[in-house]
Amino acid sequence: MASPSPKSPEQSERTRKYDRQLRLWGDHGQAALEGAHVCLINATGLGTEILKSLVLPGIGAFTIIDSKKISDDDIGANFFLDSESVGKSRAEIATQVLLELNSDVRGDYVDEGPEQILSNSPDFFNNFTVVITTALPEKSLIRLSKILWDLDIPLIVCRSLGFIAYMRVQTREHTVIETHPDNETPDLRLDNPFETLKNHFDSINLDELDLKDHTHVPYVVILYKYLEKWISENGDVPKNYKEKQQLRDMIRSGIRKDEHNNPIDEENFEEAIKAVNTSVGRYEVPPSVMEVLNDDCCINLTAKSKPFWIIAKAVKDFMENDGSNSLPLKGAVPDMTADTEKYISLQQVYHKQAAADAEAVWRRTVHLLRQIGRPSDAITEKDVKLFCRHASNIYIQRGSCIADEYDPKTVDASEMTQSLENPESMMVYYVVLRGIEKFQVEYNSYPGEFDDHVEPDIVKLKACISKLLMEWGCGPLAKDDYVHEFCRYGGSELHSVSAFLGGLAAQETIKFITNQCKPIHNTFIYDAVTSNSASFFI
Amino acid sequence: MGSDYAHRKWCHLRKVLERSGPFCRPDFEPSPNTLQFLSENCKLLVIGAGGLGCELLKDLALMGFGQIHLIDMDTIELSNLNRQFLFRQKDIGASKAEIAAKFINTRIPGCHVIPHFCKIQDKDEAFYRQFHIVISGLDSIVARRWINGMLISLLNYEDGELDQSSVIPMIDGGTEGFKGNARVILPGLTACIECTLDLYPPQVTYPLCTIANTPRLPEHCIEYVKVMQWPKENPFDCPIDGDDPQHINWIYEKSNERAVQFSIQGLTYRLVQGVVKNIIPAVASTNAVIAASCSTEVFKLATSCCSSLNNYMVLNDLDGIYTYTYEAEKKEDCLACSQIPREIQISNSTLKLKDLLAILCERVDLQMKNPGITANVNGKNKTLYMQTVASIEEKTRENLNRSLVELGLRNGSEIMVADSTTPNTVVMKLKFSTSTTDIDML
């Protein structure tokens, strides 16, 4: 019986305003964003650019920490300060002007320097979702990084200097369920179909179908039929190019012929032939997922385990007990040439099994929650379903503490040393930027900041870099070009370079908040001279 | 504001403009005059005041540019506000170009943005010729192709040599979700929009027989209502307006009925809107990144302070941050920027004019929208078909079912094609395959 058509849902103003991004991260991503509170240290041009791309999509709240008074040169690099406000608190004006962008967002500021806050009230940072810094001096950065590492709050460190931009993320452990992979292979299980799927396949006999039905059988059915035949003849699935080619030829021979014995146009068979490459292998849990499932955090749950690990353990238990060593079924079938009835009935088979698998994982989750003494509503069935749907793409990232990078005793310089051997490597920018931080500690200015000091600063900056390289056990830089170039910049901030990194840093922040997509791991460098970028793990 | 203030305000830009460095272009001369050139003499045109356009204006104004024209035919909608940050709730319904210009002129004294609330096609060659650099932040491929064609038509050739002073560089940005690209085009010198047309995937379309007979996806149900049911029932006595909630509601309810009838799951209001309006997801961050990259390239071109991007950069920040730059290649027989007429292979002498039109629309390297064809037949210019003018369409309609040969076209015939994707007519040469020619001679 056809149910009466529902009336169109009332669309809230909020839904309409955020429509274009809700299509990217969904209502649950938006809810996470609206519940987040980010902290920005230093409202430089770069800093306000980052916040702009967080305020616009509707972050819950932000707090700006900045003790500076607005100067003339701030006006030239920062869109969110107006020319009338020279001399006023940079934190206050930036907060005010940014809040004009979106009335859904709350914002406040502290017009003290990060040094004071770190000394007087280190607890200040306890409740932020993410902390972002720009132009933060080395000493404060090291202290802040330790505090946030202990609190397990992501820290994003950004710098924009002349044509170069740098970003470093620090996070202890970041888990992602929705990685949004660009190409997903369908989860079809043709090599070892579950019972209802096998029954469905067995109920179809290709040879008995009339021509119309034959051209409208979903390719998944065709592929299964020929794969089954292949396996019965060869004992295993086709493994190499040659065998796959033979399977393709077998499928091609099944295409019906017209009265002149020419093969007729059967798109579903062509689709089956195309799918041989991706869909006939032995089912395998992706190694990256196995790594997550075999992680200590997954195996040894405690009362404090994150929901991610509890569900992961439930999935592992499911695999080992009811799932014949397979992940819960994804349940999605791609579109393919078929008539409605055949397609929908196939889709239903996959869909129902996926629901049953998720149900089983959910029961195991509840069981685990009870075992570790947590309330059974600590994880919802919806969370489990989401996890199961994306189980083959789950991801974990473990980071390193920035403070360790600055301590000669703990630094792991292997990545630096290795990268620097390649003269094209953008690692050289990291080295020079670190040298500049050292320079700032020693001389309290940027190299090249003053017109009459450029030449002597080149020498001093070179010395800072040499010292650093020696600490790491690296040889000297091959060329002085980069040192000259950074002294030319003299600490200047070019707006378009800041805007570039600003957009990216905002997106990394959103990744941490929504737990969607993989963040950088863990250092990013952009060179606007060549329009190239690179990522390193340090 | 004294010059002293301007001097301090621009101290960031002055460092890279008044000092030389090892990565500068060889012809770069450090000088205080460059900044003055940017603010007083360098005339820019920004096309589009949307997600990219708002960012571009901000970036260019803060990179020292003071003379900017802005053109956009659209008005502000609620769904713009999650990224088009020069607009507020109270501006909904107003011209994007006008509001954006006013905002920048107020926020950044010394920057003069002149708005043009119109289509790019409303402006002529004289208008476009006044600019040093054109920056496009468009979501429409047709508009991109049109401005590309316009800039190419401004090129001067003397004895086959391109007059370099007639080249107006075009910086083009595009975004979709978490992906984007930025590119530098020197018309006549480097790959233009038409040279790389195959980079734009043709829009997803569903075969009519699928949506009518074998729907499987909620999208098929929506398309059915859109292309079959709406014209038949004509519920509001007008074509579909994707911005009219009543229209969307009607389509939602009808497609939902169809989905229920076929047991198709997953039909949502959001999906209906997306399919009907062909919505491209968009977020502030990607627009910020791509516009920034474009603005850096404008700055490099205008100041010669370093070499330009050569010539295409793609961005994807779904998995970490991925960027890739490469040199898109100029096409020897590009429809727009080469002097050589494109050859169209005709494999069958019975090919009808309507089939030729279909080829012009469907081929990935042509992708025309509403081509009109004239040709020189027996020494006379004859319009064979013209869709865009109703009276001519009526007179030439009967030609559609005639074969090319019947219309007087032969191997080597040149046809002039007009289309909304280009401001100029494009010359193409028909090449009948040998076997066809043989049959002709029989």
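Hi everyone, thanks for coming. Please keep in mind throughout that we are looking at a predicted model.

Chain B has its own assignment: domain 1 takes 3-177 plus 282-309, domain 2 runs over 208-277, and domain 3 covers 343-416. In chain B, the C-alpha centres of domain 1 and domain 3 are 39 Å apart.

Back in chain A, let's look at how domain 2 and domain 3 meet. Domain 2 of chain A brings 14 residues to the contact, and domain 3 of chain A brings 12 residues. Together these two domains bury about 1100 Å², with carbon and sulfur atoms giving 67% of that area.

Chain A has an open sheet of eight strands, in the order 3-2-1-4-5-6-9-10, and the pairing is mixed. At the edges you'll find strand 3 (106-110) and strand 10 (532-536), each pairing on one side only. On average, neighbouring strands are turned by 15° against each other, ignoring direction. If you zoom in on one end, strand 9 of chain A, residues 523-527, pairs with strand 10 of chain A in the antiparallel sense, over five bridges. One pair to click on there is A:Phe524, whose bridge partner in strand 10 of chain A is A:Ser535.

What packs on this sheet? Helix 7 of chain A (residues 138-151) does, touching strand 1 (37-41), strand 4 (130-134), strand 5 (155-161) and strand 6 (164-170). The direction of helix 7 makes about 155° with that of strand 5 of chain A.

Let's stay on strand 5 of chain A for a moment, where A:Ser160 sits. Is A:Ser160 buried or exposed? Its relative accessibility is 11%, so A:Ser160 counts as buried. The side chain of A:Ser160 makes a polar contact with the side chain of A:Ser498, at 2.9 Å. Leaving aside residues up to four places away in sequence, A:Ser160 also touches several other residues, among them A:Leu46, A:Ala165, A:Glu493 and A:Val497.

On to the two chains together. The contact involves 94 residues of chain A and 91 residues of chain B. Between them the chains bury about 7700 Å², and 58% of this is on carbon and sulfur atoms. On the chain A side, A:Arg20, A:Phe79 and A:Arg488 supply 12% of the area buried against chain B, more than any other three residues.

A:Arg488 comes up again when we visit A:Pro447. These two are 41 residues apart in sequence, yet their C-alpha atoms are 8.3 Å apart in space. A:Pro447 is in the loop between helix 20 (427-443) and helix 21 (454-472) of chain A. With a relative accessibility of 1%, A:Pro447 counts as buried. Its contacts beyond four places in sequence include A:Phe439, A:Leu461, A:Phe486 and A:Cys487.

Last topic: the backbone. As a reminder, most residues other than glycine have a negative phi, and most peptide bonds are trans. Here are some exceptions to look up.

The loop between helix 23 (495-514) and strand 9 of chain A holds A:Asn522, and the peptide bond from A:His521 to A:Asn522 is cis, with omega near -5°. A:Asn515 counts as partly exposed because its relative accessibility is 32%.

A cis peptide bond joins B:Asn310 and B:Asn311, with omega about -20°, and B:Asn311 lies in the loop between helix 12 (284-303) and strand 9 (312-316) of chain B. Then there's B:Gln367, in the loop between helix 13 (353-362) and strand 12 (372-377) of chain B. B:Gln367 is not a glycine, but its phi is positive, about 40°. At a relative accessible area of 9%, B:Gln367 is buried.

How values were computed
Residues are numbered from 1 along each chain as its sequence is written. Chains are lettered from A and ligands numbered from 1 in the order in which they are written. This is a predicted model: local features need pLDDT of at least 70, side-chain atom pairs count only at pLDDT 80 or more; totals for chains, interfaces and linings use all residues. Side-chain values use heavy atoms; hydrogens and water are left out. Two strands pair if DSSP finds at least two bridges between them. Helices (H or I, at least four residues) and strands (E, at least two) are DSSP runs, numbered from the N terminus. Axes are lines fitted to C-alpha atoms, for helices over the stretch in contact, and angles run from 0 to 180 degrees between N-to-C directions. Contact means heavy atoms within 4.5 Å. Buried means under 20% relative accessible area, exposed over 50%, partly exposed in between (1.4 Å probe, protein chains only). A polar contact is a pair of N or O atoms within 3.5 Å; within protein, one must be able to donate a hydrogen and the other to accept it, and residues adjacent in sequence count only if both atoms are side-chain atoms. Buried area is the accessible area (1.4 Å probe) that two parts lose on being put together, summed over both. Domain bounds come from an automatic or database domain assignment.
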